[in-house]
Amino acid sequence: EKKSEKKREGEGQNEPVAFVDDELEQLAAVIQVAIDTFITKHGGDCVFLKLSSRSPKDSSMDGPLMRRLLRDELALAKSEAESKLVAMQQQQQKKQKQNKSIEASVVAELVDENAEVVAFVNCVPKSMTVKTGHEAVDLFVRSERIFVDLNRWLEYADNLDPINIILREYYPSLMPALEFRAFVHNNQLNALSQYYDVCYYPWLVERKPHYQRLLTDYFETKVRDRVAGCISIGSYVVDFCVVRDTSDNEQAMIIEINTWANTTGAALFSWQQDRNILMNGPFEFRVVEAPIADVRATLFPEIRDQIQEARLSLGIPAKKQLTKDNNNNHHKQPKKKRSLWNRKSLSP
């Protein structure tokens, strides 16, 4: 209870958390040494951090690293928008003086809500990496997700496996756009979805058949039999990613395997409405086919504020603040049952 109160008081301040007693200080020191040793032994600039239950992504999203990454991503989006505007002006054969002037209002429209959310999502994987044990412990103690998981484990410890800290190699080439969630029932791949279900990527829509072939082939040849042999579970939800190897060829990989349960996020599917597809097929692959109206409403307020702050710091005119009505409208969008980034969502 003391820890929870401390977190709420300091939430969003991006300051190291002061632990409430000496035992926690000692535990933090042990964890920091273990993580520092691991990083030193295995090399790399940073590592991805999580518990064996879930990651502390809620605390990483309002940390100082996220703010720096988000500003960089929006700066890139602004640069691309300015280049696009110049090309539009040239195509319209405007006068030279007009070509030299980039209209801020037009740039603001080109850096639209979809571009904002894509920029934010691009920052998510990197924001969950750490370089030191102190950064790791700070992410954990500021995370409501971790707090809930640890309390749940303490309550039911006799019936649960030990909970562990997991460090994994971070792949800089991993693109959030190429993360996917797959639904396997009785060892049959029945459904595949774009993981970040609030982002519209036109090029992903065009290459949808390519990634369907790549991922279904990977499941059939590399995943199904190995998972069945290792964990003897026929029904599960598995997250895939596509990265490039040293020869610049695309390669599918497993990120993690999740429990087959309606508490696991369904991405662009629904455990209620699409249950027959998830369990029996026929196979279906879903991606976001068009920009989602009011997509910024899928982010919780702290993230929307960060985006506004980054836009202003880059000289991009601020988008109109969401009203209460705007927030309610996003729930009317088809297939959008809830937000990936809603603090109340406790699913993986």
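A: Let's start with a word you'll need all the way through: two residues are in contact when they have heavy atoms within 4.5 Å of each other. Helices (H or I, at least four residues) and strands (E, at least two) are DSSP runs, numbered from the N terminus. What you're looking at is a predicted model, where local features need pLDDT of at least 70, side-chain atom pairs count only at pLDDT 80 or more, and totals for chains, interfaces and linings use all residues. Residues are numbered from 1 along each chain as its sequence is written, and side-chain values use heavy atoms, with hydrogens and water left out.

Now the close-up. In helix α2, residues A28, I31, Q32, I35 and D36 touch G133, H134, A136 and V137 of helix α8. Sort the residues of this contact by type and you get five nonpolar, three polar and one charged. (Ala, Val, Leu, Ile, Met, Phe, Trp, Tyr, Cys and Pro count as nonpolar, Asp, Glu, Lys and Arg as charged, and the others, Gly among them, as polar.)

How are the two helices arranged? Two packed helices are described by the angle between their axes and the distance between the axes. Here α2 covers residues 22-42 and α8 covers residues 133-141, and they pack at about 125° with axes 8 Å apart. Each axis is a line fitted to C-alpha atoms, for helices over the stretch in contact, and angles run from 0 to 180 degrees between N-to-C directions. Angles under 35 degrees count as roughly parallel, over 145 as roughly antiparallel, 65 to 115 as roughly perpendicular and the rest as oblique. That's why α2 and α8 are called oblique to each other. Their crossing is right-handed, a word used when the near helix is turned clockwise from the far one by less than a right angle, with anticlockwise giving left-handed.

Stay on α2 for a moment and find I39, which is part of this helix. With a relative accessibility of 11%, I39 is buried; buried means under 20% relative accessible area, exposed over 50%, and partly exposed in between (1.4 Å probe, protein chains only). Skip its neighbours within four places in sequence, and I39 is in contact with G44, V47, V130, K131 and T132. Take V130: it sits 91 residues from I39 in sequence, yet their C-alpha atoms are 9.5 Å apart in space.

Among contacts with a separation of 6 or more, 75% join residues 24 or more positions apart. The chain holds 14 helices and eight strands, and 43% of its 348 residues are buried.

W153 is in helix α9 and is partly exposed, because its relative accessible area is 26%. Not counting residues up to four places away in sequence, W153 touches L160, D161, P162 and I163. S53 is 100 residues from W153 in sequence but 9.7 Å away in space, C-alpha to C-alpha. P162 lies in the loop between α9 (144-155) and β3 (165-169), and its relative accessible area of 60% makes it exposed. Beyond its neighbours within four places, P162 is in contact with S52 and W153. S52 and P162 are 110 residues apart in sequence, with 8.7 Å between their C-alpha atoms.

W203 is partly exposed, at 31% relative accessibility. Leaving out its neighbours within four places, W203 contacts M175, A177, L178 and Y211.

Most residues other than glycine have a negative phi, and most peptide bonds are trans. N186, in the loop between β4 (179-185) and β5 (188-194), has a positive phi near 50°. N186 is exposed, at 56% relative accessible area. A267 also has a positive phi, about 55°, without being a glycine. A267 is in the loop between β7 (250-259) and α12, and its relative accessible area of 17% makes it buried. As for the peptide bond, G281 and P282 are joined by a cis one, with omega about 0°. P282 is in the loop between α12 (275-280) and β8 (284-286).
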